[in-house]
Amino acid sequence: MATIDNDDKNLVEKKISSEKVFDGVLLHVFKDDVELPNGHKSVREWIKHPGASAVIPLLPDNQIILVKQYRYPVAQVTLEVPAGKLDAPDEDPVLCAERELSEETGYTAKKMWKLTTIATTVGFTNEYIHLYAATGLTPGKKHPDDDEFINTVKMPLADAVKLVETGKIIDSKTIISILMLEKQIAND
């Protein structure tokens, strides 16, 4: 997470007060009164999120494993990298990625490395997702959460890149994971 440079201190908003307007299972919505850099007042509505991890599994033949899942907010089935929320504020993100890989695909990995961490939607949530890649995969039986219905899909990484380029893959964590992995493989 970036720090604020001295040159940017004139951009910082100061919290005056904060009110929790919704306390859900996953999301917690706040309405904050803030003082803007020019001294005026404004309101910021934002969502507190526990954070998450995602992993793009890479097989030896350059195929990747993605999951298909119905996403209620966008009312469609999406193609995504396996992912899930951190179960505790201090959970190690790599352990979360390993858990989600196993739950959603059945695979375990001998090697996992970090691609990056993204802030998903900085205008209204503090959610960060830690993105990983995994190799040395061993298949097993998937065991998704009770409220998850998932189909796994294997495809060449090159085909996934084309789905990104044509707008068929719309999930941001998946797009970033696919493009970063493609670039890493091209540079190896």
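Q: In which loop is Ala75 found?

A: Helices (H or I, at least four residues) and strands (E, at least two) are DSSP runs numbered from the N terminus. Ala75 is found in the loop between E5 and E6. This is a predicted model, in which local features need pLDDT of at least 70 and side-chain atom pairs count only at pLDDT 80 or more, while totals for chains, interfaces and linings use all residues. Residues are numbered from 1 along each chain as its sequence is written, and side-chain values use heavy atoms, with hydrogens and water left out.

Q: Is Ala75 buried or exposed?

A: Relative accessible area decides this: buried means under 20%, exposed over 50%, and partly exposed in between (1.4 Å probe, protein chains only). Ala75 is exposed because its relative accessible area is 52%. Asn62, at 36% relative accessibility, counts as partly exposed. Leu27, in the loop between strand E1 (14-23) and strand E2 (28-35), also counts as partly exposed, at 33%. Buried residues make up 37% of the 188 residues in the chain.

Q: How far apart are Lys48 and Leu181 in sequence and in space?

A: Lys48 and Leu181 are 133 residues apart in sequence and 29 Å apart in space, C-alpha to C-alpha. Lys48 lies in strand E3 (residues 41-48) and is partly exposed, with a relative accessible area of 41%.

Q: How many residues line the largest pocket, and which lie nearest its centre?

A: On a 1 Å grid over the protein atoms alone, a pocket is an open set of points where a 1.4 Å probe fits, with protein on both sides within 12 Å along at least five of seven lines; lining residues have an atom within 4 Å of a point. Here 35 residues line the largest pocket, and Leu26, His49, Arg71, Glu127 and Lys173 lie nearest its centre. Elements giving two or more residues to this lining include strand E5 (63-71), helix H1 (93-105) and helix H3 (172-187). The largest share, four residues, comes from H1.
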